[in-house]
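Here is a short briefing on one protein model. Keep the sequence and the 3D view open as you read.

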Amino acid sequence: MNTETVRLTQLARDHLWMPFTQLNDLVQDNGPRVICRAEGSYLYDTEGRAYLDGVSALEAMVAGHGRKQLLDAAIRQYEQVAFIDLFRYATPSQIELAAKLAEITPGSLSRVFFTPGGAEAVEVAIKVARQYHYLRGDTDRIKVITRQGAYHGTTFGAMAVDGNYHATRNYIFQQETFGRIAPPPRPGCGIDHVREIEALILRENPNTISAIHLDPMNTALWVAIPDDSFLPALRQVCDQYGILLIADEIITGFGRTGRMFACDHTGTIPDIMTLSKGLSSGYFPIGAAVVKGEIADVFTGDAEQMFRHGHTYSGHPVGCAIALENIRLIEAENLADCAAASGKLLLEGLAQLDHHAVFGSVRGKGMLIGLELVLDKLTGATTDPPGAIGKAFRLFCRERGLILLPIHPGNVMLIAPPLNMPRHEIEKMIGIIDGALTDTSAFFNKERITAPER
Ligand SMILES: Cc1ncc(COP(=O)(O)O)c(C=O)c1O
């Protein structure tokens, strides 16, 4: 390691508290890899090693790294107004982004509440849903339905609609919550899964449910992509029982699944849509809850009707300017179509790797793909805990120059590269995954192979 890497990793071991990272791991191991440069689909660390970014830096960088157009938009806004709160004043960038989101989101989704990030957008959606029912005299509608294993963020409200992903709903924080957990979806599920959710609604009493909150492609739920019957049927159930449908498009939005929004695949119009990540392609922390006009209209009237919510950095002007430019770029470069075409190539290439001992299954939509790792192909049995195989595979990939992310329950790898990743890099990524599957199969067969460094 060069002296700069040694200095930085030592500082990280002493001072940095990284999300969802065991402090022990940081102290015992050599600290994190320190990324000091990024361009296109590549990340570079302080040791000069290059990595393909196979998860768009936590699914955010839909337009890829180093886009000058987005930096220029930031600089223009910094020069005009670096910051003004949105509580009483608005910049053109904030107004125009709200109008643009109203234009591109489906149906009558048209009123935009900005937040600093994803979990805060989830909080807004839940609060809007509850207050909406309250203002209409439906004061008992306080529960929100989620599914086992879902992930929607780690603030208190968002944790309440997590389906215990990473044990977020643990005994310290959430003994009792308003979230109610339905069974997890299965890949390709449809009406059958809607019936499971409906059964929970009936058990809980429909008049106590304010909303169903879900990621339409079930990303955190081992990318269990539903079939096209699922969302429209769920929409019908929501309408039948007066329950709001909140589509969490924080990962799936902005072209990731091959359409601008995952809901667009089936023409489903949710009551509220939550957005972040791809909204600014990761160039600025920003989120939004986009609400149907007719729902927002219930909040007009006297002060009692006001939506009492706001963050100092709700809709930071620079974030809005970047997001606006980012959406222009996504449209101009047809990134949703790119995701559909490249995702197909990637999925087909990965499906060819099923001869590996630890290859379980692969599924996806656009550039949102889940690769399941098993120890027994026939029974689907995996390591105990499932995270053991996910971690080994992640590290073998990293040694070969690819960054991937294991998701719930630990043995499913999320593959979600920038949407404009060129064909030769997709082929390179498939090659690396092929090699890492060989390494992982050998490792778990206890053949002689050394475990990768963390
Ligand atoms: C579907 C979904 N919702 C909400 C969130 C929370 O977003 P943030 O991490 O910006 O708080 C995430 C984060 O990964 C997510 O995947």
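This is a predicted model: local features need pLDDT of at least 70, side-chain atom pairs count only at pLDDT 80 or more; totals for chains, interfaces and linings use all residues.

Residues are numbered from 1 along each chain as its sequence is written.

**Around the ligand**
- The residues around the ligand include G117, Y151, H152, D215, D248 and S276. A residue counts as near if its C-beta atom, placed from the backbone, lies within 6 Å.
- Helix 6 (residues 118–135) gives the most to this shell, with three residues. Helices (H or I, at least four residues) and strands (E, at least two) are DSSP runs, numbered from the N terminus.

**Two domains**
- Domain 1 covers 33–63 + 334–444, and domain 2 covers 68–332. The bounds come from an automatic or database domain assignment.
- Their centres, taken over C-alpha atoms, are 27 Å apart.
- In domain 1, 27 residues are in contact with 27 residues of domain 2. Contact means C-beta atoms, placed from the backbone, within 7 Å.
- Helix 12 gives the most to the side of domain 1 that touches domain 2, with five residues.

- Four strands form an open, mixed sheet in the order 1-2-3-13. Two strands pair if DSSP finds at least two bridges between them.
- Strand 1 (35–39) and strand 13 (402–403) are at the edges with a single partner strand each, so one side of each has no neighbour in the sheet.
- Strand 3 (residues 50–53) and strand 13 run parallel, joined by two bridges.
- L52 stands opposite L402 in strand 13.

Definitions and conventions: Two residues are in contact if their C-beta atoms, placed from the backbone, lie within 7 Å.
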